[in-house]
Structures are given as C-alpha cells and as structure tokens.
Amino acid sequence: MRSSNEKKWFIGIDGGGTKTKAAICDRAGRVMAVEVGEGSNPLSRPWEEVEHTLRTCMNQVQQQAGAKQEDVAGLYIGLGGAEHQPIKELLRSAFIDPWQGRLFIDNDAIAALYAGTWGEPGIVLICGTGSIAYALTEQGERHRVGGWGYLVGDEGSGFDLGKKAAIAVLRAHDGRGEQTMLTELFLTHYKVQQPNELISLIYNAANPRMGLAQASGLVESAAASGDTIASQLISDAADSLIELATTCLKKTKESLPVVLAGGLLTAKTMLCQELKQKAPFATVVPSVSPVIGSLVAAMVRSGNGLDEGIKNQLLTSGTELEKG
C-alpha cells in the first residue's frame with residue numbers, strides 16, 4: 001500500500017440530528033462531491049440506522065469522485081456525542097477496518113469550528129435547535145459550556161425561543177401577560193382559531209422539540225414588525241448565547257475567535273444581529289459550511305497543511321457544489 005503522502009483524497013462527514021452531509025476533495029482542495037443523508041446522531045437514532053447512513057453517504061461521495069478507498073488519506077467523521085467513549089467505540093468498531101490510522105472521529109462541533117478557523121483553535125458558538133459553546137485551545141485543551149439538551153439547557157436556542165414565544169401567547173390568552181403579535185402568528189402557523197387549541201398540537205407533535213424550534217421564525221417575524229414581546233425574547237436569547245461564549249472564553253484563558261454556527265447564527269437573523277452588536281468579543285461568520293470544516297479536519301489530522309490555494313479551492317468548489 002502506498003504511503004499516506006501519496007494518497008490524493010480526503011472525506012469529511014458532518015453528522016447532525018436532522019441531516020448528515022459528506023464531502024470528498026482532492027489534495028488541492030477541489031471538492032468533487034457532496035451528499036446529504038438522514039440524521040446520524042446516535043443519541044436520537046438507533047445505531048444500525050446511523051451506521052447505514054454514514055456508510056451510504058461515504059460510499060456515494062467516493063463513487064461520484066471515482067475515488068478508491070486505498071487512495072483516501074483521511075476520513076473524518078464529526079458526530080454529535082462522539083466525544084463520549086461508548087459512541088466513539090461504536091464508530092471505531094464499525095469503521096476502523098479497513099481505515100485504521102486514516103480514521104479520525106470527533107464531535108461535530110469541531111467541523112463547525114474549523115469552517116470558521118480553517119483548522120486553527122477557537123470557540124464555536126452553535127445555535128440551531130439547541131445551543132452550545134465549545135472550545136479548542138492552542139494547547140489542545142477542550143472546554144464545553146451548555147448543550148445540555150432541551151429539558152435542562154439549550155438556552156437561547158431555536159427551541160428555547162419557540163417555547164418562550166408559546167408561553168407568551170398563552171399568558172396573553174390568560175390575561176397574565178401583554179398582548180402580542182405572536183398570538184396571530186401562532187394561530188395561523190398551527191391553523192387553529194384559539195390559543196388553547198395549541199396545546200394538543202404542541203404536545204402531540206411527532207417531534208415537539210423540533211416543532212417549537214421551527215416556531216422561532218415566528219418570533220423573528222413579530223420582532224421585525226415591532227412587537228415588543230418578540231423583541232425582548234430575541235434580546236434575552238442573545239444574552240444567553242453571549243453568556244455561553246464568554247464563560248467558555250474564561251475557561252480557556254486565551255484570546256480566541258468565536259465562530260458563529262447553526263441556522264440561527266449563520267443566516268441573517270435579528271438574533272444574530274443583536275448578538276454581534278452586544279458581544280464583548282470578536283465574532284467570525286464562516287464562509288463555508290461545517291461539512292467543508294470536516295474536510296479541513298480530515299486534511300489537518302492527516303498531516304496535510306492548508307495553504308491559501310487549498311482554502312480558496314475548498315471555498316469556491318464546495319460552495320458551488322452545495323448550491324447545485
């Protein structure tokens with residue numbers, strides 16, 4: 001078998017709760033294929049389904065690029081919960097043969113971080129359905145703040161915003177809270193006539209957490225129309241996210257960039273705008289998606305440095321493929 005320095009392909013996988021993305025690039029950083037599959041978070045799906053999704057995405061990008069497995073220098077799998085030893089062992093058992101030393105496993109937060117730092121240390125602040133701040137220092141130390149799930153954490157997240165908006169609607173209905181535009185938006189969104197009809201739809205949804213997270217968009221709409229309740233909810237969410245990042249920064253005792261990640265912080269949302277205005281730290285909005293960050297991780301951990309040419313290729317070719 002040829003040495004890893006002669007191998008010409010890198011595969012990166014970004015596995016999330018709702019979808020999985022895989023990408024393959026050559027040594028010059030040209031992204032040749034991107035595939036999307038079902039969610040692959042082993043904390044929310046049976047392991048057999050997770051393994052099948054990962055293998056399918058991996059095989060599809062190899063086939064599209066015409067890449068032989070023996071010509072792949074590094075396979076990076078970024079997966080939620082992968083820092084936990086039982087999950088890491090499941091991944092290693094499933095994929096160590098025939099990858100051996102070419103297999104790299106880590107938390108999906110690292111892919112999101114590297115999308116903004118190109119493989120350098122930093123802090124990633126993620127806000128989507130959930131929320132978390134995750135740091136990788138110059139010394140290789142790691143620190144985590146938040147990310148404890150919707151029952152006991154996820155402050156400032158899409159779920160948190162949607163839940164608090166629903167509470168505001170129901171408080172207004174009771175007469176305990178101020179009237180808000182959110183009421184009409186919720187009634188239209190859920191296709192009901194009265195706020196009390198929301199209860200069965202929220203609690204009996206197939207995925208209540210995801211349903212309320214999607215309702216966070218209603219908060220943005222109401223705030224954009226000048227609703228004071230919605231505006232306060234966004235302000236409070238920004239404060240919660242800033243707290244996650246500043247606490248993480250204190251733990252590192254280093255001056256590190258804070259990369260913004262997740263749907264609510266990479267889109268042009270009022271929440272993102274408010275956070276950047278209030279934040280006492282510098283923020284970085286990645287120009288590539290986390291799956292490109294996973295390719296960066298595959299290259300860096302295989303001992304392949306990234307020059308400006310490689311970065312530009314990852315940026316341009318990766319963006320074109322994802323848009324296509």
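The chat below goes through a cavity, a hairpin and some aromatic contacts in a predicted model.

Q: How many cavities of 30 Å³ or more does the count give?
A: One cavity of 30 Å³ or more turns up in this predicted model.

Q: And how much space lies in the largest cavity?
A: About 50 Å³.

Q: Which residues line the largest cavity?
A: The lining is made of Gly156, Asp160, Leu161, Lys164, Leu233, Asp236, Ala237 and Ser240. Two elements give two or more residues each: helix H4 (158-174) and helix H9 (228-252).

Q: Which element gives the largest share of that lining?
A: H9, with four residues.

Q: How do the lining residues divide into nonpolar, polar and charged?
A: Three are nonpolar, two are polar and three are charged.

Q: Switching to strands. How do S7 and S8 run, and how many bridges join them?
A: Strand S7 (residues 131-136) and strand S8 (residues 142-146) run antiparallel, joined by five bridges. As one example, Tyr134 has Arg144 in S8 as its bridge partner.

Q: What lies between S7 and S8?
A: Five residues, and the two strands form a hairpin. In the turn, Gly140 has a positive phi of about 85°.

Q: Back to Arg144. Which ring does Arg144 lie over?
A: Arg144 lies over the face of Trp148, 4.3 Å from the ring centre.

Q: How many aromatic pairs does the structure hold?
A: Two. In one of them, Tyr150 and Phe159 have ring centres 5.4 Å apart and planes at 75°, so that pair is edge-to-face.

Q: Why edge-to-face?
A: Because the planes of Tyr150 and Phe159 are at 75°, and planes over 60 degrees apart count as edge-to-face.

Q: What about Phe186 and Tyr190: how are their rings arranged?
A: Phe186 and Tyr190 are stacked, with 6.0 Å centre to centre and 20° between the planes.

Q: Where do Phe186 and Tyr190 sit in helix H5?
A: They are four residues apart in helix H5 (residues 182-190), so about one helical turn separates Phe186 from Tyr190.

Q: Last one. Is Phe186 buried or exposed, and what is the value for Tyr190?
A: Phe186 counts as buried, with 0% relative accessibility. Tyr190 is buried, with a relative accessible area of 16%. The cut-off for buried is under 20% relative accessible area.

How values were computed
Residues are numbered from 1 along each chain as its sequence is written. This is a predicted model: local features need pLDDT of at least 70, side-chain atom pairs count only at pLDDT 80 or more; totals for chains, interfaces and linings use all residues. Side-chain values use heavy atoms; hydrogens and water are left out. On a 1 Å grid over the protein atoms alone, a cavity is a set of points where a 1.4 Å probe fits but cannot get out, and a pocket is an open set with protein on both sides within 12 Å along at least five of seven lines; lining residues have an atom within 4 Å of a point. Grid points are joined across faces, edges and corners, and a volume is the space filled by probe spheres set on the points. Ala, Val, Leu, Ile, Met, Phe, Trp, Tyr, Cys and Pro count as nonpolar, Asp, Glu, Lys and Arg as charged, and the others, Gly among them, as polar. Two strands pair if DSSP finds at least two bridges between them. Rings of Phe, Tyr and Trp (its six-membered ring) pair if their centres lie within 6.5 Å; planes under 30 degrees apart count as stacked, over 60 as edge-to-face and the rest as tilted. Buried means under 20% relative accessible area, exposed over 50%, partly exposed in between (1.4 Å probe, protein chains only). A charge sits over a ring if NZ of Lys or CZ of Arg is within 6 Å of the ring centre and within 35 degrees of the ring normal.
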